[in-house]
Amino acid sequence: MSDTAATLTQDRQRLEMSALSAPAVIFTVAMIAFPVVYTIWLGFQNFSSTGKQSFAGLANYSKLISDYEFWHGLWVTIALYVLSLVLQLVFGVWLALVLFHAKRLPGIVRSLFISPFMMPPVVAGMMWLVILDPSLGAANYILQSFGLPPSDWLASPTWVIPTVALIDSWQWTPYVALIVLGGLQSLPPSVYEAAQIDGASPFKTFQRITLPLLLPTIVTAAILRSVDLLRFFDIIYITTQGGPGNASNTLNIYGFRVGFEFFNIGYASALMLTLTAIVFGAVLAFNRLRGAVAW
């Protein structure tokens, strides 16, 4: 009887805990599910210039196939994503190694190294707008001081994508470095002691030990950055708003314009759902890669 009473007491406690947490769980699920379901529904609707709404079926999605701006936005999104991710992973690993080995570095210097990603994107964008101003910016002043020709930076269709990628990398490389630094601090010291006994050089130690052991951490950083980079919006909207022309018009910027400037909510929803599918695909691919390189 005592075992039965104890079981009933445990079941009642579990039921009470479930009842107490149910409102929060329902609210959280609703806050996530409602926007997604509503956006999916909007993607099958057509909105006329007069505001009339009608069912469009798959018309919004079939329109994507022949829409030049969609394919251009997809190319710009992928170009920015690849360039920014490579820069942030390479320099993030380098910065993490510097911070890991420079143990006597003062705390204030370490804080300065990682401070950019704590800055709001609006502030970072406005700051770089001033620095990269073709007429009065510090960037062209430095170039001319070394006898180099000035650049149009964000005003140049050729340089706008690399420039935006550099701005985002400046801000988010420290974030990657913090993740990688945590991975470095968790590596077993015994393998390094064995490598030192075998006479391995620092480069060989990094190539054969550190990098392979860090790969799961690096892939995790790539997943976290991929979610943000494929949804590139704030820095571009502050600095170029998709310009010059449409040279930096990502899918996110294009969807924003279609929805809030041209008020074609149905087509904008289809664009955003397509972008969401791309983000999910990238995350799933990196998750599979992380499982493959796990140790």
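User: What makes up the span of residues 112-131, and how far apart do its end C-alpha atoms lie?

Analyst: The span is 70% helix and 0% strand, with its end C-alpha atoms 19 Å apart, where helices (H or I, at least four residues) are DSSP runs numbered from the N terminus. This is a predicted model, in which local features need pLDDT of at least 70 and side-chain atom pairs count only at pLDDT 80 or more, while totals for chains, interfaces and linings use all residues. Residues are numbered from 1 along each chain as its sequence is written, and side-chain values use heavy atoms, leaving out hydrogens and water.

User: Why is α5 called oblique to α7?

Analyst: Helix α5 (residues 121-131) and helix α7 (residues 160-185) pack at an angle of about 130 degrees, with their axes 11 Å apart. Angles under 35 degrees count as roughly parallel, over 145 as roughly antiparallel, 65 to 115 as roughly perpendicular and the rest as oblique, so α5 is oblique to α7.

User: What makes the contact between D168 and R225 a salt bridge?

Analyst: The side chains of D168 and R225 meet at 3.1 Å, N to O, and a salt bridge is a side-chain nitrogen of Lys or Arg within 4 Å of a carboxyl oxygen of Asp or Glu, so the pair qualifies. Because D168 lies in helix α7 and R225 in helix α9 (residues 202-229), the pair ties together parts that are 57 residues apart in sequence.

Conventions:
Helix = DSSP H or I, 4+ residues; strand = E, 2+ residues; numbered from the N terminus. Axes fitted to C-alpha atoms, helices over the stretch in contact; angles between N-to-C directions.
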